[in-house]
Amino acid sequence: MATFIFLVAAAFCIAGAVGIVLFRDAIRSVLSLVAVMLALSSLYLMLSAQFIFAVQVIVYSGAVMVLFLFVIALMGPVREQPSTRLRFQGLLAVIVAGSFAGLVVAMLGGVRYHAPDKGAVLSTFGSVESIAYGLFTTYLYPFELTSLLLLVAAVGAIYMSRRERP
Amino acid sequence: MVLIAAATYSVSYSADQAWSDLQQVSPIAAVVVALLVAMVLDLVLPRRAQGPVSAAITVIGLLASLVAALLLIDRGHTAYYQFAVADNFAVFFDVLFAVLGILAVAVSHAYLARRNFLQAEFYVLLLAATAGQMVIAQANSLVSIFLGLELLSIALYVMSGFARQDFRSQEAAVKYLLMGGFASAFVLYGMALVYGATGTTLIPAIAKSLGPGSSTNALLLLGILLMGVGFAFKVSAAPFQMWTPDVYEGAPMPVTAFMSVGTKAAAFAMIVRVFATGLPGLSGEWAALLAFVAAASMIVGNLAAIAQSSVKRLLAYSGIAQAGYVLVGVIAGGADGQASVLFYLAAYLVMNFGAFAIMVVLAGPDGDRDRIGDLDGLVYRNPVLGVLMTVFMLSLAGFPPSVGFMGKFFLFAAGVHHGFTWLVVLAVLMSVVSVYYYFRVVIHIWTPVEAAERRLRLPAAAGLAIVAAGVLSVALGIVPAALFGLAQAGAVPVAGLGGG
């Protein structure tokens, strides 16, 4: 089962990555990136890294992607065109709706899902505590370097975008 | 669940350890503190004082960093759970980068004032780039190397676009950002694969994990290939050199001077650290990859430099060729190979930075004057600059008694000693080709010009830096033993390297 989920997620990942490169429309590229991010988050979940999974969904698939879309919508001459709709959209909708309906039926029918492996310590690995502990002990140096990196990037961005001083 | 977690993670990072760790990275810390001080003072000081004050803080911070690095000689060890190390190899590069930073400040101050973009951000970014270079030098883990690389690169992207009204500068920044981003992605992907194959990012642990089966491990080999591509981008070696001439040409001249030496030295620190220290058991594999890159760089760099009419582009292609020569030392390996690499990078600092520094002085208020014709009669307009530019060109071409000659001698000797004779023969042949274009510059310098041509004024700080570089270019060529001793002390001892 785990292998099957991995294969599906990996296929989504690769298809999305190819889509980012191949689509001519910037909006579609960004939406493909969302697909990649979501597929990656499911891979994190399979590795029992719940915290990274949540961060991936909230920060990357959520906030960062919305920003991307905003920027493209504001900057680029993107117009809604009837001809740019996906041709297989209807089929896709049926498949997605069908699988969701199946999930609902299964839930109502009281199906039992595969329990987590006994050996894995799910309460600590990938949790907020373990990440905080790592950040401030073992990974203190990379953590501080990353903060410096972000500071410098901010300084550079402000310099490049600032209006010329008289 | 919270109680369980708290019990599991009893804090084990004591204040003593924090202090000892900080001492090991004190050269980086000094630079970062100067960066923060310069940034905050920029907000409170009146505008007229910002430029000079931030320049002064930058120099003080870099001098402190230099002293801190010298104090670490023979006393360094790993720090921060082995993410950083202060061995003599790291200290050698720390000193090199601190000196480079000081020279860059000396050269750029008058230039920035003349071109009317003297702003504190320049020094903040210069310090950030220097910190990134030092992080790479002191890295003992792939993670630290990557973070240092990004710190260096992001600062340089902005610096190359620092002339915001100059269209060419903006173009250079965008090109550099895109190509640099590609290169970083390659490096990161390679590192991820190596981590996947070995289960660790710590460089000594990677070396230990190699076994008899490693040379057929596809994951590891692909990782080496991808990292090699990324590193070749960063040292601007062929066939990944195409960004170099455009970026060098568009970036403001002091930035070009700084990054031509800084990125190259940092990238070579990275290559030696990752390949020679981290993957000694696979030296046959990565040496073959680098030998191809070295040969291509020497051929492409030297042949393309012949046709250039811009001094910036000429020096860019010369830099590509020089990267090829240095790779010979890396491929040769062993203590002598590594020492020759360190020696040549120090030699490259004085001669290449010196040549670019003279071009900085030539620049006018409207932009850089980098046509080869702009050098006409330089020796009559300012004899000191004319003679020193000649010295730098002869040194880059490898004429005795310059430091460039001794550097090439050590590199090629190490190459022959470890059985890469074919590569050395190619390098010598290509060096002969390079004499042509370096001499073209020299001929322009000594071409008589109209008597009406005005004399060139030399700012004091820049003049001091250029004269120092010129003196060192000759002195280290006549008495190379002092520098070579330091380079030998800095070489990372690794057994079983090279082909011979």
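The following questions and answers concern a predicted model of protein chains. In this predicted model, local features need pLDDT of at least 70 and side-chain atom pairs count only at pLDDT 80 or more, while totals for chains, interfaces and linings use all residues. Residues are numbered from 1 along each chain as its sequence is written, chains are lettered from A in the order in which they are written, and side-chain values use heavy atoms, with hydrogens and water left out.

Reader: In what order do the elements of chain A run from the N terminus on?

Author: Helices (H or I, at least four residues) and strands (E, at least two) are DSSP runs, numbered from the N terminus. Chain A has six helices and zero strands. The order from the N terminus is therefore α-α-α-α-α-α.

Reader: What percentage of the residues in chain A is buried?

Author: Buried means under 20% relative accessible area, exposed over 50%, and partly exposed in between (1.4 Å probe, protein chains only). Chain A has 166 residues, and the buried ones make up 22%.

Reader: With which residues is Phe93(B) in contact, leaving aside its neighbours within four places in sequence?

Author: Contact means heavy atoms within 4.5 Å. With those neighbours left aside, the partners of Phe93(B) are Ala137(B), Ala265(B), Ala269(B), Leu342(B) and Leu345(B).

Reader: How much area is buried between chain B and chain A?

Author: Buried area is the accessible area (1.4 Å probe) that two parts lose on being put together, summed over both. Chain B brings 38 residues to the contact and chain A brings 29 residues. Carbon and sulfur atoms give 71% of the buried area, which is about 3200 Å².

Reader: Which helix supplies the largest share of the side of chain B that touches chain A?

Author: Several helices of chain B give two or more residues to this side, among them H3 (26-44), H4 (47-71) and H7 (142-160). The largest share is eight residues, and they come from H7(B).

Reader: Is Val37(B) buried, partly exposed or exposed?

Author: Val37(B) belongs to helix H3 of chain B. Its relative accessible area is 36%, so Val37(B) is partly exposed.
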